[in-house]
Amino acid sequence: MSYRNKDWSFAELSRKETLWGPHGYHRYPAKFIPHLVRRIIDEFSLPGEVIGDIFLGSGTTGVEAIRTGRQFYGSDINPVACLISRAKCFPIDPSILNETWKDVSRIISQIAPLGRNPLTDKDKEAILSINISYALPEERLQYWFPESQRQALTAILKAILSVPIEQHRIFMLCAFSNILKRCSIWLSGSTKAQKDLKKTLADPVDEFLKQVRDMMKRNKLYWEDLLTNGINPQQAGEQIRILQQDARSLDTETPQVDLLVTSPPYATCYEYSELHQLTQLWFEKFGIISAVEAKQNWIGSKNVSSGTLNKGVFPHTGSESADTTLRELLHLANQRPTKKTDIIREARALHRYFIDMNRAICEMTRIVPTGKQLVLIIGDSRKRDVDIPTTQALCEMSSSAGFALQEKINRKVPGRVLVSTRDRETGKFSSTANSDVEVYPEENVLVFKRV
Ligand SMILES: C[S@@+](CC[C@H](N)C(=O)[O-])C[C@H]1O[C@@H](n2cnc3c(N)ncnc32)[C@H](O)[C@@H]1O
């Protein structure tokens, strides 16, 4: 059957299947369904070719590229994303990892267990004395983690940092990162940073032991899967390159790829720079990763702007459809004086998003040679009841940059995969009963050829 006629919703897949092996190491917002990337890789590339993803996120594309015998190049502006992707993509020899784990778990079992506990009055008092909007990194740690959790987590992190083999250390750091929300006052199930003073906090030692054991089973599955498919897992690491870099200005060293498959951030939906702030705080404190980039460098951020309106009009974004939508929003702002400031602020952030995406698409032309393909996965959204035509805008930008659209496949996103609901008025993510608009009930797989 041609790929055009296949079912692209992947609605029949269970969580167990979509979180198979390393795909289940770490939560990440707007993660790819691995089967979707796998199909794209199978359809549009050959074994041995180089697959790229410059909005790498948690590295889903990398794992599937390696499982299908391709080489992989990936990058993301987020140092936490790069670390998670390194942990996921590089398979580790299970027997050697077992030895490392024996040493680490021996140290960790000496840390006094805390059990699962609600916050004490003293903990709450300490948290409420901190103004998080102005807090320095050390105060932020004190805000999110009561003292007992901080002590246990520090001991665990020190044990991880004593691991001599780099790839094993990265694997354990990824495990550490994924338990942080459960061990903090971060509201369970929330993507956004919200405190919950009624939360029963998890025991860091218990969580870490469980997390690593689960990941070790997953790593073994990955290792065995490669062997079954005739790929030497010992050499798989040589096929992978992961770099932290900005998609709007790729390093000249960035390799050319045979197929670029990537899912850019959606317009002003996630504040990616803040989503991994707990990991960022711990890893920055211990010198494991670099400081986070300024918010305006993260594509899709809110409250950013690309400069001034010129005679009441935004400068050209690189897409007529995007320009029209921005004009519509400005018109709406003028019609609603009480909301004018908010709507203009949102329109500025949206304008910035389109300008940034245009820059990123121009960069893609540098790494996708003539005749090779680019596959973008993107969905539209709504703001203030105005449709944001992201798909159309990216098609127009890609066409001007030198990519010819070959195929546009519309895929329904199964209900259970939708990350949350959105407020119809503001377009913001929300978990309130008023949020009645689903996020991305469908998205598009855009297949381009570089001309
Ligand atoms: C939709 S997510 C990608 C998810 C990924 N496909 C996965 O399976 O995990 C978009 C990614 O774009 C990254 N990003 C945002 N601004 C960026 C920039 N300027 N340069 C590179 N990456 C950026 C975010 O950090 C985020 O990881």
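What follows is a short exchange about a predicted model of one chain.

Colleague: What radius of gyration does the chain have, and what would a compact globule have?
Modeller: The chain has 451 residues. A compact globule with 451 residues would have a radius of gyration near 22 Å. The chain agrees with that, at 22 Å.

Colleague: How many helices and strands does the chain have, and what box do the C-alpha atoms fill?
Modeller: Taken along the principal axes, the C-alpha box is roughly 65 × 55 × 40 Å. The secondary structure comes to 16 helices and 14 strands.

Colleague: What share of contacts joins residues at least 24 apart?
Modeller: Of the 451 residues, 43% count as buried. Take the contacts between residues at least 6 apart in sequence. Those joining residues at least 24 apart make up 76%.

Colleague: Let us turn to the strands. Which residues of β1 point one way, and which the other way?
Modeller: Strand β1 covers residues 50-53, and all of them are buried. Ile51 and Asp53 point one way. The other way point Val50 and Gly52.

Colleague: Which residue of β2 is the bridge partner of Asp53?
Modeller: Strand β2 covers residues 71-76 and runs parallel to β1. Four bridges join the two. In β2, the partner of Asp53 is Gly74.

Colleague: Through which helix does the chain cross from β1 to β2?
Modeller: The β-α-β crossover from β1 to β2 is right-handed. Its helix covers residues 60-67. That helix is α3.

Colleague: Which residue in β7 stands opposite Leu260?
Modeller: In β6, Leu260 and Thr262 point one way, Leu259 and Val261 the other, and all are buried. Four bridges join β6 to the parallel strand β7, residues 373-378. The residue opposite Leu260 is Leu374.

Colleague: Is Thr61 buried or exposed?
Modeller: Thr61 is found in helix α3. It has 32 C-beta neighbours inside 10 Å. The cut-off for buried is 20 or more. Thr61 therefore counts as buried.

Colleague: What distance separates the C-alpha atoms of Thr61 and Phe32?
Modeller: Leaving aside neighbours within four places in sequence, Thr61 is in contact with residues including Ile51, Asp53, Gly74 and Val261. Phe32 is also among its contacts. Thr61 and Phe32 are 29 residues apart along the chain. Their C-alpha atoms are separated by 7.9 Å.

Colleague: Now the ligand. Which residues are closest to the ligand?
Modeller: The ligand is surrounded by 21 residues. By class, they are eleven nonpolar, six polar and four charged. The closest are Phe32, Gly57, Ser58, Thr60 and Ala247.

Colleague: Where is Ala247 found, and is it buried or exposed?
Modeller: Ala247 is found in the loop between β5 (240-244) and β6. It has 24 C-beta neighbours inside 10 Å. So Ala247 counts as buried.

Colleague: Which residues does Ala247 touch, not counting those up to four places away in sequence?
Modeller: Asn297 is 50 residues away from Ala247 in sequence, and the C-alpha atoms are 9.6 Å apart. The residues that Ala247 touches are Ile54, Phe55, Ala360 and Glu363.

Colleague: What is the phi of Asn303?
Modeller: Most residues other than glycine have a negative phi. Asn303 is found in the loop between α13 and α14. With 13 C-beta neighbours inside 10 Å, Asn303 counts as partly exposed. Its phi is positive although it is not a glycine, at about 55°.

Colleague: What is the phi of Asp385?
Modeller: Asp385 sits in the loop between β8 (381-383) and β9 (386-388). It counts as exposed because it has 10 C-beta neighbours inside 10 Å. Asp385 is not a glycine, yet its phi is positive, about 65°.

Colleague: How many Å apart in space are Thr308 and Phe55?
Modeller: Thr308 lies in the loop between α13 (277-285) and α14 (320-335). It counts as exposed, with 8 C-beta neighbours inside 10 Å. Thr308 and Phe55 are 253 residues apart in sequence. In space, C-alpha to C-alpha, they are apart by 28 Å.

Notes. Residues numbered from 1 in each chain as written. Predicted model: local features only at pLDDT ≥ 70, side-chain atom pairs only at ≥ 80, totals over all residues. Rg over C-alpha atoms; globule rule 2.2 N^0.38 Å. Buried ≥ 20, exposed ≤ 12 C-beta atoms within 10 Å, placed from the backbone. Contact = placed C-beta atoms within 7 Å. Near = placed C-beta within 6 Å. Nonpolar A, V, L, I, M, F, W, Y, C, P; charged D, E, K, R; others polar. Pairing = 2+ DSSP bridges. Right-handed = clockwise from strand over helix to strand, strands pointing away.
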